[in-house]
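Subject: Structure for you to look at

Hello,

Here is the structure I said I would pass on. Please open it first, then read the notes below it.

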Amino acid sequence: MALIDLHTHSTVSDGTETPEELVATAAAAGVMTLALTDHDTTGGWERAAAVLPRGMRLVRGAEFSCVSPTGRPETPGDKATVSVHVLGYLFDPEHPAIVAEQRRLVAERVERLRAMARNVAVDHPQLDAERVFDLVPEGTTPGRPHLGRALVAAGVVGSVNEAFASILRTGSKYYVPKSDTPVERAVEMIVEAGGVAVFAHPLARRRGRVIETSVLADLARIGLAGVEVDHPDHDPADRELLRGVAGELGLVPTGSSDFHGTNKTTPIAAETTAPEALEELLAKATGAEVLEGA
């Protein structure tokens, strides 16, 4: 079966495989339609396209870092917003609003990583905070996984997963928030640029606080096209819930691995998208074409 994986990351953001290696890994696993969705950047698109094997399709995309209303009334001790992600597919990468926002977000990520590294080094002096950026390749969008790898190299933790479960988790004493894009604006920008917007892992509860599904209804009214239903961080009950919500709202249900290489234990194509769902998404895109290896 030709597999479809619509959510993967390379070394251009926080994955451990280069765009070229990612394409090879996908092809070896039987993936014939691959979406490259690095965080807040399109920097890996050309490299992935250049090595597509014959017949393999590349859906060019990005994962936008966003802040969203929770959909719940604000109560004492519970913030009214939460960090979320939106997958944008086949948008025009030169659209002025997207170019400006991606530049801003990359700058935010740089300052946040520097601040978190300095925070951690106070309690763990074996971490050289000024050398963390040595682990971020040139042209790469920096993120917490780079700090996680630095913590492993310094012997502070045994794995990147352990780092995220403790030191790097949202709400830890070392955590530094960043100013992400309002989710409504992210959806609008993707649509304005001819792309297709899909809400990524909305009920990934093991990561922390999540939205209420009413937020999906609000976003559907302004152009959200799909929702990631089958994701490694969704349990069976939440998948069933999201599939029902997608049907009610006319959203396309997708499935993806959210592959990060060795930064996570999930293999590529651990979750996949149905061919009819993919075609429904592609029919909505006008900003960029799907590429196919010759």
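Contact here means heavy atoms within 4.5 Å of each other. The model is predicted: local features need pLDDT of at least 70, side-chain atom pairs count only at pLDDT 80 or more, and totals for chains, interfaces and linings use all residues. Residues are numbered from 1 along each chain as its sequence is written, and side-chain values use heavy atoms, with hydrogens and water left out.

The cores

Not counting residues up to four places away in sequence, Leu-216 touches Phe-199, Ile-211, Leu-224, Val-227, Leu-242, Val-245, Leu-249 and Leu-251. Leu-216 belongs to the largest nonpolar core, which has 44 residues. A nonpolar core is a set of buried Ala, Val, Leu, Ile, Met, Phe, Trp, Tyr and Cys residues joined through side-chain atoms within 4.5 Å. Buried means under 20% relative accessible area, exposed over 50%, and partly exposed in between (1.4 Å probe, protein chains only). The members that touch the most others are Leu-34, Phe-199, Leu-216, Leu-224 and Val-227. Helix H6 (residues 183-192) gives the most to this core, with 5 residues. Helices (H or I, at least four residues) and strands (E, at least two) are DSSP runs, numbered from the N terminus. A second, separate core of 20 residues includes Met-116, Ala-129, Leu-147 and Ile-167. In soluble globular proteins, nonpolar side chains tend to be buried together.

Thr-254 sits in strand E8 (residues 252-255) and is buried, at 2% relative accessible area. Its contacts, leaving aside neighbours within four places in sequence, include Val-198, Val-227, Val-229 and Leu-281.

Helix H3

H3 has 28 residues and reaches 42 Å from its first C-alpha to its last, close to the 40 Å expected. The expected span is 1.5 Å times one less than the number of residues. Among the buried residues of H3 are Ile-98, Leu-105, Arg-109, Arg-112 and Met-116. The cover over the buried residues of H3 includes E3, helix H4 (144-153), strand E5 (181-182) and H6.

Salt bridges

How many salt bridges does the structure hold? There are 22, where a salt bridge is a side-chain nitrogen of Lys or Arg within 4 Å of a carboxyl oxygen of Asp or Glu. In one of them, Glu-279 pairs with Arg-57, with the closest N and O atoms 3.1 Å apart. This pair links distant parts of the chain: Glu-279 is in helix H9 (residues 275-282) and Arg-57 in strand E3 (residues 57-69), 222 residues apart. Glu-279 is partly exposed at 40%, and Arg-57 is partly exposed at 21%.

Glu-108 and Arg-104 also form a salt bridge, at 3.6 Å. Both lie in H3 (residues 96-123), 4 residues apart, about one turn of the helix. An α-helix has 3.6 residues a turn, so residues three or four places apart point the same way.

Arg-131 forms a salt bridge with Asp-134, with the closest N and O atoms 2.3 Å apart, and Arg-131 is exposed at 52%. Salt bridges that share partners join Arg-206, Arg-207, Asp-233, Asp-258 and Lys-264 into one network.

Regards
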